[in-house]
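Work through the two exercises below with the sequence and the model at hand, and compare each solution with your own reading.

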Amino acid sequence: MTQIKLTMEHIKFLKGKAHHLDPVLILGDKGVTESFIKEANNALSHHELIKIKLAGRDRDERESITNELVTALNATLIQKIGAMIILFKRNHEEPKIFFNFK
């Protein structure tokens, strides 16, 4: 399934929803592994909107890892704040987040 096209209004809405979320995953020393991708995919499927903490990484490495995760998960990057990223991926079978605007 393809992702829905997010407008700036959608992104602002999702940032607001993510503000109070705790990270569901913390990327540790092992980096992006097959099992990490699987866990992130499961979390996205269940929640649609998740925070991931990229612990102990410099800015360039965080940027590279973020791009790798977005591609591997077919997710949309909503926001990056320091070592924290927020990802969104619509669960078309069981949507959890509903947008009240067009």
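**Exercise 1.** Find which residues Lys 17 is in contact with, leaving aside its neighbours within four places in sequence.

*Solution.* Begin with the source: this is a predicted model, in which local features need pLDDT of at least 70 and side-chain atom pairs count only at pLDDT 80 or more, while totals for chains, interfaces and linings use all residues. Residues are numbered from 1 along each chain as its sequence is written, and side-chain values use heavy atoms, with hydrogens and water left out. Applying the contact criterion (heavy atoms within 4.5 Å), one finds Leu 49 and Ile 97. Lys 17 is partly exposed, at a relative accessible area of 42%, given that buried means under 20%, exposed over 50% and partly exposed in between, with a 1.4 Å probe and protein chains only.

**Exercise 2.** Determine how the buried residues of α3 are arranged around its axis.

*Solution.* First list the buried residues of α3, which are Arg 62, Ile 65, Thr 66, Leu 69 and Leu 73. They cover an arc of only 105° around the axis, and therefore lie on the same side of α3; the arc is that of the directions from the helix axis to the C-beta atoms. Then turn to the face directed away from this buried side, which carries the exposed residues Asp 60 and Thr 71. Finally, identify what covers the buried residues: the elements include α2 (34–47) and β2 (49–54).

Methods
Helix = DSSP H or I, 4+ residues; strand = E, 2+ residues; numbered from the N terminus.
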